[in-house]
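This briefing covers aromatic ring contacts and charges placed over rings. Please keep the sequence and the structure open while reading.

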Amino acid sequence: MFENLKAQPADKILALMQKFREDPRGSKVDLGVGVYKNAEGVTPVMRAVKAAEQKIWETQASKSYVGLAGDPAYADGMINLILGEAVARDKIAAAATPGGTGAVRQAFELIRNANPAARVFVSNPTWPNHLSILKYLNIETVAYRYFDSETRGVDFDGMLEDLKTANMGDVVLLHGCCHNPTGANLNLTQWQAVVDLVVEKGLIPMVDIAYQGFGDGLEQDAQGVRLVASSVPECLIAASCSKNFGIYRERTGLLMAISQDAGARALNQGTLAFLNRQNYSFPPDHGARIVTTILNDDALRTDWAAELEDVRLAMLGLRQQLADELQKLTGSDRFGFIAQHRGMFSLLGTSFDLVEKMRADDGIYMVGDSRMNIAGLNADTVPILAQAIVKAGV
Ligand code: LMR
């Protein structure tokens, strides 16, 4: 049997992680996988997470099963964090999932079950695993223009033009904030225009929000998803706690299905529970419990938000430092976009060959499409990266 298996292509982000580990050079710089690192190069456990874990350790009396959709208190906390008061709670079905990827995967399965003819429109580029899972599930994808390779901003006219070709019932996958891999984001006026188009054409938006709090702040980063959720009859939202709670390996995510009326909610809730049962039964609980503990404790929540804000500001500082350094070295503003982008990533917008050259010559590890993890930098490595970019002739 096993001889029939086909070797699968390696995920390019995870393959890069491995390559970096194997590189013996002490001067190497890891700008690959989307993991936050502080100035010491450490991905710390956040203070509030440690405190919540201690509280859980002291008070948790059982590790018995919770429920197929996870703890409703977790869903409530996350819904409040992401949507605020934008949508009536009785329209939202929600289930805990193993990480944001779990939510994405369950959402795609739900789409396939509900409408096998639906195509999923994805930004070009998008997170490679979106495409990989869609392909694995045999769901047809259509790329819409997103990144303007001249300005390194959003090609919004191109995006709208391409979305206009979608048919009723097709799904539009949107990044809630901090677009991965580009760092280029829609402004609120553009979100509104997308919402108008989606409503006019009867499309189903699916928002993947994995970096809330990493862009312009916890509330600001949720404006787009709130606008979508409060304006359209139906949508899906896949959320991750990996980055903003720093609990990557705990695999903590949430899938929401928002429907026109409370009546449809029961069917959606049952479907989400069913999908969990088919794939892994009960979703993991520890990360969700940490998040719930933090969100329901004023002091922990305040401390978590403050630490997250420090992380965000540190990334903004690194962006500015890199843009300034490149301005100094090149005498031009053509890298100013790095300071304008938001979130963990910026797409440099250069060729695979130059990315490879920077890796070979200077030990700079960015993803092959030239995505840089800004959070992988520190004040000392910014000048090294700037010099490598200029030296390679980007
Ligand atoms: C990334 O894009 O680097 C992260 O979302 C981590 C991952 O799983 O790819």
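Trp304 is buried, at a relative accessible area of 1%, where buried means under 20%, exposed over 50% and partly exposed in between (1.4 Å probe, protein chains only). The model is predicted: local features need pLDDT of at least 70, side-chain atom pairs count only at pLDDT 80 or more, and totals for chains, interfaces and linings use all residues. Residues are numbered from 1 along each chain as its sequence is written, and side-chain values use heavy atoms, with hydrogens and water left out.

Aromatic pairs
- The structure holds 6 aromatic pairs; rings of Phe, Tyr and Trp (its six-membered ring) pair if their centres lie within 6.5 Å, with planes under 30 degrees apart counted as stacked, over 60 as edge-to-face and the rest as tilted.
- Tyr211 and Phe345 form an edge-to-face pair, because their planes stand at 80°, with the ring centres 5.7 Å apart.
- Tyr211 and Phe345 are both buried.
- Phe245 and Trp304 are stacked, at 4.3 Å centre to centre and 5° between the planes.
- Phe245 is also buried, with a relative accessible area of 0%.
- Ring pairs join Tyr211, Phe214 and Phe345 in a cluster.

Charges over rings
- The charged end of Arg371 sits over the ring of Phe345, 3.7 Å from its centre; the criterion is NZ of Lys or CZ of Arg within 6 Å of the ring centre and within 35 degrees of the ring normal.
- Lys28 lies over the face of Phe20, 4.4 Å from the ring centre.
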